Amino acid sequence: MVQELLVAVVAALCAGALYVAAGARVVKQYEQGVLFRLGRVTGSVRQPGFNLVIPFADRLHKVNMQIVTLPVPAQEGITRDNVTVRVDAVVYFRVVDAVSALVKVEDYKFAVSQMAQTSLRSIIGKSDLDDLLSSREQLNQGLELMIDSPAVGWGVQVDRVEIKDVSLPDTMKRSMARQAEADRERRARIINADAEFQASKKLAEAAQQMASTPSALQLRLLQTIVAVAAEKNSTLVLPFPVELLRFLERAQQPAPAGGAAPGPAGRPEVVHSDGAVREDTAAVRQPPG
C-alpha cells in the first residue's frame, strides 16, 4: 500500500513538472507578452520575467519593444520640376502597444515598410530638386508625419525618418557641375573687377596728390627704378615723360627768317613793322602744289 502511494506521488510530481515545463514562458527585458486563450486576448500584457500559461489552451506571443531600424528601398520618381531621381531613406520606429500591434495589423513591420515607400514616392513628387538636396530637415519632418499618422492605430510610434541619399542622372550631375563652375567664375570676375575699381580710385587719389607736389613724382620714379634694379635684371626700363620730349622739340625749332611763324592751325603768320602778328592771307590763298 505504501509502495503504491509512493508511486502515485511520484507520478503526480512528474505530471506537475511536465505541466510546469509545458506552461513555463520567459519574457525578456525588451519584450512584452500577449496571451491568447482559445484565440482571445486574455488578461493584461505579460511583463518581462517568468510567466506560466495553460498548456494547449494558451498561446503567448512576444512583441519586441526595442527601436527598429527599417531601411526603405530606393524609390525612383519624378520631382515637381521634372527631374528623375532615386531616393532611399531609413525609418526608426518602436511598438508602444503590443496588443494593437498583433491584433489590428497582420505584420506591423511590413505595413510600416510599405507606408514608408509610398510616402517617400509622394514626397518626391511634391518637392523640387533643390528641396531634396538642401531642405532635408523639412522633408524628413513631412515624411515622418505621413508615416506616423496611420501607424498610431497599429500601436507603432515613428521616432525618426531620415533621407539617406538622392541619386541624380549623370547628365544632371554634369549640368550642375557646369553651373557651379560658371557661378564660381562669375564671382571671381566680380571680385577681380571690384579690386581693379578700388585700385583705380587709389591711383586717381595718388595722381591728384602728386600733381600738387611735382617732386613726389620724381621720388616715385626713383623708387620704381630701385625696385626694378633690386631684382638683378640685365635690362633696366626707365620711364621718360613725353611732355619733356615735346618741350625739347619746341625749343629746338628755329625762328623763321622772314618773320613768319606757324599759327595755331598750321597757317603762316607774318610779323609786321608795327609789331602786330597777322595771318598771311596770300599764303593761305595759294593753291597747293
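Visitor: Is Val99 partly exposed or buried, and what is its relative accessibility?
Guide: This is a predicted model, in which local features need pLDDT of at least 70, side-chain atom pairs count only at pLDDT 80 or more, and totals for chains, interfaces and linings use all residues. Residues are numbered from 1 along each chain as its sequence is written, and side-chain values use heavy atoms, with hydrogens and water left out. Buried means under 20% relative accessible area, exposed over 50%, and partly exposed in between (1.4 Å probe, protein chains only). Val99 therefore counts as partly exposed, with a relative accessibility of 25%.

Visitor: Which residues does Val99 touch, not counting those up to four places away in sequence?
Guide: Val99 is found in helix H2 (residues 98-103); helices (H or I, at least four residues) and strands (E, at least two) are DSSP runs, numbered from the N terminus. Contact means heavy atoms within 4.5 Å. With residues up to four places away set aside, Val99 touches Val34, Val45 and Lys104.

Visitor: How many Å apart in space are Val99 and Gln32, C-alpha to C-alpha?
Guide: In sequence, Val99 and Gln32 are 67 residues apart. In space, their C-alpha separation is 9.5 Å.

Visitor: Which side chain of opposite charge is nearest to Glu31?
Guide: Glu31 lies in strand E2 (residues 31-37), and this residue is buried. Lys and Arg count as positive and Asp and Glu as negative, while His and the chain ends are not counted. A salt bridge requires a side-chain nitrogen of Lys or Arg within 4 Å of a carboxyl oxygen of Asp or Glu. Glu31 has no salt bridge; at 4.7 Å, the nearest side chain of opposite charge is Lys62.

Visitor: Over how many bridges do E7 and E8 pair?
Guide: A second open sheet of 3 strands has the order E6-E7-E8, with antiparallel pairing. Strands E6 (68-78) and E8 (156-167) stand at its edges, so one side of each is left without a neighbour in the sheet. Arg86 stands opposite Ser167 in E8. Strand E7 (residues 84-95) pairs with E8 in the antiparallel sense, and the number of bridges is 10.

Visitor: Which strands does helix H3 touch where this helix packs on the sheet?
Guide: Axes are lines fitted to C-alpha atoms, for helices over the stretch in contact, and angles run from 0 to 180 degrees between N-to-C directions. The direction of helix H3 (residues 108-126) makes about 35° with that of E6. Packed on the sheet, H3 touches E6, E7 and E8.

Visitor: What angle does the direction of helix H5 make with that of E8?
Guide: Helix H5 (residues 136-151) also packs on the sheet, touching E7 and E8. Its direction and that of E8 make an angle of about 140°.

Visitor: What share of the residues in the protein chain is buried?
Guide: The chain holds 9 helices and 11 strands. Its residues number 289, and the buried share is 21%.

Terms used: Two strands pair if DSSP finds at least two bridges between them.
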